[in-house]
Amino acid sequence: MAQQFGRIEDRYRRFIEAQHVFFVGTAARDGRVNVSPKGLDSLRVLGPNRVVWLNGTGSGNETAAHLLDVPRMTIMFCSFEKRP
């Protein structure tokens, strides 16, 4: 089951940095939803409440378009190799 956390603690930062793939979910104001796999070592944890990620221009770059309209994004990390 998914969990939400108020900050990125060191143990979560280590987990995040070890993942090769993550997913972002965004939605436009009209309700159009986009969930995209991301990766290629493109995300960095800058602090307990800040991450930065290089957004590639995939299929139409819907993620960026949604964020310009509604600045809200969900990031999901999941382990495919070890414990979730």
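The model is predicted, so local features need pLDDT of at least 70 and side-chain atom pairs count only at pLDDT 80 or more, while totals for chains, interfaces and linings use all residues. Residues are numbered from 1 along each chain as its sequence is written, and side-chain values use heavy atoms, leaving out hydrogens and water.

**The three-stranded sheet**

- Helices (H or I, at least four residues) and strands (E, at least two) are DSSP runs, numbered from the N terminus.
- Three strands make an open sheet in the order E2-E1-E5, and their pairing is antiparallel; two strands pair if DSSP finds at least two bridges between them.
- Strand E2 (33–39) and strand E5 (74–77) are the edge strands, each pairing on one side only.
- On average, neighbouring strands of this sheet are turned by 20° against each other, direction ignored.
- Strand E1 (residues 21–27) runs antiparallel to E5, and four bridges join the two.
- Strands of a sheet pair through backbone hydrogen bonds, either parallel or antiparallel.

**The helix across the sheet**

- Helix H2 (residues 62–69) lies across E1 and E2, running at about 125° to E2. Axes are lines fitted to C-alpha atoms, for helices over the stretch in contact (heavy atoms within 4.5 Å), and angles run from 0 to 180 degrees between N-to-C directions.
- Ala65 is found in helix H2 and is partly exposed, with a relative accessible area of 42%. Buried means under 20%, exposed over 50%, and partly exposed in between (1.4 Å probe, protein chains only).
- From Ala65 to Thr26 is 39 residues in sequence and 9.4 Å in space, C-alpha to C-alpha.

**The hairpin**

- Strand E3 (residues 43–47) and strand E4 (residues 50–53) run antiparallel, joined by four bridges; they form a hairpin with two residues between them.
- Val45 has Val51 in E4 as its bridge partner.
- Leu40, in the loop between E2 and E3, is exposed at a relative accessible area of 84%.

**Aromatic pairs**

- Rings of Phe, Tyr and Trp (its six-membered ring) pair if their centres lie within 6.5 Å; planes under 30 degrees apart count as stacked, over 60 as edge-to-face and the rest as tilted.
- The count comes to two aromatic pairs. The rings of Phe5 and Tyr12 have centres 4.4 Å apart and planes at 35°, so this pair is tilted.
- Phe22 and Phe77 also form a tilted pair, because their ring centres are 5.7 Å apart and their planes lie at 35°. Phe22 is in strand E1 and Phe77 in strand E5, so the pair ties together parts 55 residues apart in sequence.
- Phe22 is buried at 4% relative accessibility, whereas Phe77 is partly exposed at 22%.
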